[in-house]
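The exercises below are to be worked with the sequence and the 3D view open. Each has a task sentence and a solution in steps.

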Amino acid sequence: VSERGPFLFKDIDTPELTGIETYRKGGGYRSLEQAIGKKSPDEVTEIVKASGLRGRGGAGFPTGLKWTFVPRQSPKPRYLVCNADESEPGTFKDRELMEKNPHLLIEGMVMAGYAIGARVGYIYLRGEFETIQRILDRAIGEARAAGLLGANVAGSGVGFELHTHLGAGAYICGEETALLSSLEGFRGQPRLKPPFPAVEGLYACPTIVNNVETLMNVPAIVANGAAWFRQWGTEKSPGTKILSVSGPVKRPGNYEVPMGLPLRRLIDEQCGGVRDGFKIKAVIPGGSSVPLLPASMLDTGLDFESMVAAGTLLGSGGVIVIDDQTCIVDALYNITRFYEHESCGKCTPCREGTYWMSEVFERLESGHGRERDIDLLFDVSDNILGKSFCALGDAAAMPVMGAIKHFREEFEYHVRHKRCAVNRRRDEVRETTGATA
Amino acid sequence: VSATCRVTINGRTVEVPAGTLVTDAAKVADVHVPIFCSHQKLPPLGACRICVVEVGMPRKDKEGKPVLDASGAPEIAWMPKVQTGCTTTVADGMHVRTESETSVKARKGVMEFLLVNHPLDCPVCDEGGECQLQDLAFAFGHDFSRMDEAKRTFDSEDLGPVVKKEANRCIVCMRCVRYCDEIMGDDALTAHQRGVRSEISSFNRQPLDCEQCGNCIEVCPVGALTALPYRFKARPWDLRQHITVCPYCSNGCSVRLGVRGNQVLRARGTEARGVNQEYLCVRGRFGYEFINSPERLTMPLMRLGASLEPASFDSAAQFAASRLREIAVQHGPGSVAFLGGEKLTVEEQYLFQKLARAVVGTPHVDARTRFTSRVTAAAQLKAVGGGRPGPSLASLTTAQEVLILGDDLQGEGPFAQAQLIRGQHQFGVHLTVAHPRRVKLARPKFRGDHLALRPGSEVALLNGLCRALLELGEPQGLPPAAAQGLAGLKGALAEWTAEKTEEATGVPAAALKAAAERLRRAERKVVVFGRAYTEHPEAPALLQAVENLGWLSGALTDERSSILYVGPQNNSQGALDMGLAPDVGPGYQPAEQGLSAPEILKAAADGKVRALWIVSDHWLQSAPDRALAERALERCELVIVNDLFLTDTARRAHVVFPASSFAEKEGVMVNCERRLQKSVRALPPLKGSRPDWEVFQAVAQSMGAPWTYRTAEDVFREIARTVGIYRGFSWSTMLPLGPRWSDAQAAAAPASLAAAKDGRPAAGEGLWLLSGGTLFLQGSLSYRGALLPRLAKHARASLHPGEALRLGVADGDPLELGGPSGSVTLPVEIDDAVPLGAVFVPYAFQEAQLNRLGSPAGAGLRVRARRADGVPA
């Protein structure tokens with residue numbers, strides 16, 4: 001087993017893997033050739049359903065089940081869309097996967113497209129992924145030349161065409177309906193659900209939106225079967241998960257681990273523990289949108305159910321380690337500013353609430369905070385939570401509420417002493433630039 | 001699935017149709033659920049979140065039986081999150097609560113958020129006093145603000161001459177943007193930036209390039225978009241508000257006039273009432289200025305030698321009566337003719353024709369002064385299927401196929417156009433536009449089919465369509481009279497193959513066949529035509545062809561009609577109903593045949609008609625031949641004019657009666673869907689002016705008629721008693737929306753199928769003269785304000801770029817158009833919506849005076865065009 005991971009990361013660092021020859025040498029496209037036109041679309045869906053594969057974009061919805069939501073009678077064309085708008089702060093797994101192994105995504109998309117009856121697929125890339133778009137376009141060209149894309153995939157008579165599309169730089173376009181609006185050329189804002197994209201998605205046609213990592217799981221699952229896939233992970237969260245670890249750990253980066261691995265083991269064993277002189281204060285386990293876990297809860301397993309039980313979410317797998325010399329208020333201010341900047345403005349609670357929150361944070365951080373500001377912040381977050389149009393509002397509210405719940409004394413310290421208790425970031429900025437940040 | 005759902009809202013159970021939104025169900029249950037972004041004409045959005053409520057369903061056990069709580073009531077499983085009522089449809093058994101702790105906290109939270117960046121400038125905001133945000137802040141908000149941070153700010157902008165934008169007040173509900181896109185079809189507004197910096201503006205931050213309808217102002221729930229003409233004019237609580245009927249086109253929109261003292265300060269839509277609800281076009285919303293114009297006539301005028309001198313009302317009436325009597329006695333009653341009256345109320349129209357027929361004794365009555373050939377009211381009635389129930393404006397949104405024949409609805413019926421755009425966008429209405437120009441509805445945005453026929457080939461196109469319909473199979477269920485003509489029609493149409501029609505009209509054979517097939521196949525269809533056909537020199541043939549098309553396509557059946565006639569004026573339909581036509585009396589009862597308007601024009605110019613009474617019509621402008629009209633006015637021994645203003649026509653009169661405006665009198669208006677609506681008196685008549693019916697009565701009394709109407713309502717009572725089609729109607733049922741009349745017996749028109757012949761050449765030579773309605777101006781009233789003429793700019797002659805190149809003219813160059821009787825010179829406008837070989841000039845412009853060119857004849861009118869300043873190309 002490779003050091004980086006048992007499955008998706010097993011051969012990820014193979015030189016020239018982006019080229020079709022190397023990819024095929026490692027067994028690439030074999031699953032596709034054995035499935036398209038040989039297994040029925042329903043069989044492919046059934047295998048994925050049996051494997052228990054759950055969406056890796058954050059929500060963890062069972063992938064095979066989602067595919068069955070495409071209405072069978074609909075005369076409209078169907079679309080497959082790959083959500084590669086990886087924008088969640090702290091998450092950088094799809095980027096590495098696509099940079100290093102673009103053909104696996106193509107293979108996964110052809111097979112998923114075959115399963116749902118789509119003849120066209122789109123890869124929606126975040127605006128900054130220009131390089132990746134070039135890599136993917138080159139790989140798509142190779143696959144087309146090899147007869148693996150186009151009107152007659154691998155001689156099966158089934159057609160599938162694939163296009164990449166670069167976003168224009170909005171976090172909200174990672175939300176699937178906003179992504180579809182953006183892909184259609186409209187303002188990137190979420191749409192009303194229902195109808196869900198599986199019924200009325202891209203151009204009001206049945207559309208399945210899957211994450212990059214999810215789609216990359218498909219070829220091996222179909223080739224090796226559900227039982228093989230279930231060798232990793234837990235009963236309800238089978239398989240592996242790629243986690244992007246950042247913060248003061250010795251070896252930050254992407255790691256592929258079996259689902260259910262305790263968070264502590266990820267940090268201690270894979271990442272080599274925290275850097276000398278630091279202690280963990282808290283960990284955000286699933287990207288900036290999820291509530292943080294205090295250091296006391298590090299034994300929670302990295303799977304969907306355990307994280308929910310611990311009051312947080314596995315999310316997109318962006319593990320942000322926060323050390324004891326980081327100011328929680330400052331960190332949350334940073335996150336809140338991000339959401340304020342990225343709020344699309346469609347709904348009132350998110351648009352106005354995130355603005356208000358970041359204004360209150362600014363006051364706390366600048367030493368003008370008042371005792372009542374902490375409750376105000378909590379109440380404003382509570383007024384956003386569950387009232388916003390899409391999950392972005394919740395994503396802005398939950399971390400703040402979690403932080404106040406677990407680290408209220410740090411907020412109170414700001415009010416009483418008019419400064420942060422500790423603030424490594426500010427000290428480092430001051431040291432390097434001489435400025436007071 | 002049952003058709004209705006029982007929903008319990010705050011403990012009150014109501015039954016509503018399945019698919020109803022919770023916010024609408026709440027209205028039924030008399031529970032107030034506030035809304036901002038939601039709008040009755042726009043699909044659910046769910047953005048503002050003010051309508052959040054708790055929603056639950058009865059909990060059920062494994063056997064599907066409801067679980068009961070300790071008190072025996074069903075236990076409700078409330079959803080964990082609050083839901084937006086404006087996006088949630090009801091389910092049977094659903095429970096909703098709006099006053100629970102969770103709902104109240106959620107709503108107050110949203111209210112507080114809405115006020116986070118909203119400025120506290122209510123005292124200087126035009127919306128203050130009728131602002132939904134203000135009202136709801138009082139109703140649901142906190143009484144103090146926890147937000148003491150700096151608010152984000154934007155600069156204010158003037159988005160053109162009608163819209164003022166104060167973005168700081170904006171709550172980003174997107175109503176304006178969506179309304180502009182989905183209902184106006186203009187896409188003039190958008191949101192810039194995102195999040196808290198979202199700002200509504202035009203795309204390029206330039207003045208709005210749109211219809212200037214101001215509906216964005218109407219639907220704005222706050223004071224972010226306000227009307228520049230009304231800016232800082234009044235506080236809403238200082239205004240008396242009167243809902244009346246718009247005086248412009250035949251759509252008959254309800255308009256709410258805001259009056260302070262004797263000044264009309266604004267006009268708005270009515271939110272929930274009227275055929276239009278909140279909708280108004282630019283004319284309806286900003287065209288009220290003429291009411292308060294200082295140029296209004298305030299005294300009757302009588303000719304003394306060369307000049308018109310003020311006179312008392314009584315002496316003017318007596319003079320008019322005695323001269324009418326003298327002329328009628330001397331030269332016979334047939335030497336008197338009555339013209340105009342399409343803008344009068346039904347009561348006035350009735351008395352006008354009664355004065356003519358019963359008091360003076362002349363059959364020469366016609367309201368349709370623009371017509372270029374003799375068209376009987378009977379023919380007009382027959383073309384729309386007689387008194388059969390016809391299509392409504394509402395049906396334009398729900399039809400599958402709508403065929404628009406010859407009219408540019410943007411000018412002739414802006415609300416009908418808005419209905420079609422909304423129908424296309426929201427309900428998939430397919431539009432087929434048969435028009436030589438690429439009018440707004442023919443734009444690619446509306447995904448319809450444009451049958452761009454050559455000017456002058458209207459009859460050929462209809463014949464081709466009819467023949468294509470016949471090829472799709474024989475029409476079933478024709479009334480016997482129509483069935484009789486079928487064989488003859490078939491023979492006559494045999495030559496109009498799609499190929500020949502293509503040759504004659506330029507419309508591809510395939511497009512023609514496809515249009516015929518869509519029309520035949522559609523279960524719900526509407527055929528729309530208007531003045532482009534009735535004012536056409538071939539009008540009788542065109543009306544017959546429209547009827548043929550109706551029977552052959554199924555747009556006419558024995559039970560109902562799907563043909564909509566959009567008349568040129570606000571009460572054109574009333575004028576027909578009341579018999580302001582040379583062949584019928586009120587209620588389409590046969591009357592002694594008189595001369596039609598174009599015939600009266602000729603007879604007066606020849607000295608055969610010696611007295612003219614012209615009401616509410618600037619005849620010199622509207623008559624098809626201005627030279628002829630000038631001669632007629634010169635030769636007549638007596639010309640009486642009723643008008644609000646001293647028009648050029650009035651200047652040539654012997655007696656001028658100052659008329660009251662629509663806002664100053666009561667009466668009934670009939671719109672294009674034949675709906676009777678009561679116009680109310682919003683302010684007293686301008687001192688010295690009188691409603692036209694009082695003038696008619698005074699003159700009739702002076703002539704010895706025993707008329708004793710005390711009010712206009714007295715007149716209507718007589719109409720309701722004596723005129724079959726209005727039998728049983730009364731004013732009390734018309735506030736503001738009245739019934740639509742349909743009466744297949746009283747207004748029976750014999751169905752017929754007969755060949756429509758064309759082939760007469762057009763008058764003149766050179767480019768085809770295309771004319772039509774325009775958005776910003778309609779009729780002589782619209783010049784009298786400041787805003788509409790400013791929006792309309794100067795009249796221009798529009799040419800295809802290729803035609804301009806051929807003539808060697810560029811944008812703005814003076815172009816001389818020469819017709820059989822004269823010429824006009826207008827600046828050129830390059831417009832690729834105009835076909836090659838034609839020039840387009842809207843007729844509403846005072847300065848255009850197209851009737852100086854001569855009357856159209858045969859297939860139309862052609863004009864010689866050349867650069868007027870003599871500079872060679």
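Rings of Phe, Tyr and Trp (its six-membered ring) pair if their centres lie within 6.5 Å; planes under 30 degrees apart count as stacked, over 60 as edge-to-face and the rest as tilted. This is a predicted model, in which local features need pLDDT of at least 70 and side-chain atom pairs count only at pLDDT 80 or more, while totals for chains, interfaces and linings use all residues. Residues are numbered from 1 along each chain as its sequence is written, chains are lettered from A and ligands numbered from 1 in the order in which they are written, and side-chain values use heavy atoms, with hydrogens and water left out.

**Exercise 1. Aromatic pairs**

Task: find which residues ring pairs link into a cluster in chain B, and classify the pair of B:Phe313 and B:Phe657.

Solution.
Step 1. The cluster linked by ring pairs consists of B:Phe313, B:Phe338, B:Phe352, B:Trp613, B:Phe657 and B:Phe696.
Step 2. Over all chains, the search of the whole structure gives 30 aromatic pairs.
Step 3. In chain A, the ring centres of A:Tyr79 and A:Tyr203 are 5.9 Å apart with planes at 70°, so this pair is edge-to-face.
Step 4. A:Tyr79 belongs to strand β1 (residues 79–84) of chain A and A:Tyr203 to the loop between α8 (176–183) and β4 (207–211), so the pair ties together parts 124 residues apart in sequence. Helices (H or I, at least four residues) and strands (E, at least two) are DSSP runs, numbered from the N terminus.
Step 5. A:Tyr79 is buried at 12% relative accessible area, while A:Tyr203 is partly exposed at 44%. Buried means under 20% relative accessible area, exposed over 50%, and partly exposed in between (1.4 Å probe, protein chains only).
Step 6. B:Phe313 and B:Phe657 are also an edge-to-face pair, at 5.9 Å centre to centre and 65° between the planes.
Step 7. B:Phe313 sits in helix α7 (residues 313–331) of chain B and B:Phe657 in strand β26 (residues 655–658), so the pair ties together parts 344 residues apart in sequence.
Step 8. B:Phe313 is buried at 10%, and B:Phe657 is buried at 1%.

**Exercise 2. A residue in a strand**

Task: state whether A:Ile123 is buried or exposed, and name residues that A:Ile123 touches.

Solution.
Step 1. A:Ile123 is in strand β2 (residues 120–125) of chain A.
Step 2. Its relative accessibility is 0%, so A:Ile123 counts as buried.
Step 3. Leaving out residues up to four places away in sequence, A:Ile123 touches residues including A:Cys82, A:Leu105, A:Met109 and A:His163. Contact means heavy atoms within 4.5 Å.
Step 4. A:Asn83 is 40 residues from A:Ile123 in sequence and 6.4 Å away in space, C-alpha to C-alpha.

**Exercise 3. The contact between the chains**

Task: describe what chain A and chain B bury between them, and how many salt bridges they share.

Solution.
Step 1. Chain A and chain B each put 35 residues into the contact.
Step 2. About 2,900 Å² is buried between chain A and chain B, 51% of it on carbon and sulfur atoms. Buried area is the accessible area (1.4 Å probe) that two parts lose on being put together, summed over both.
Step 3. On the chain A side, A:Arg187, A:Tyr355 and A:Trp356 lose the most area to chain B, together 22% of what that side buries.
Step 4. There are 10 salt bridges between chain A and chain B. A salt bridge is a side-chain nitrogen of Lys or Arg within 4 Å of a carboxyl oxygen of Asp or Glu.
Step 5. B:Lys81 forms a salt bridge with A:Asp394, with the closest N and O atoms 3.5 Å apart.
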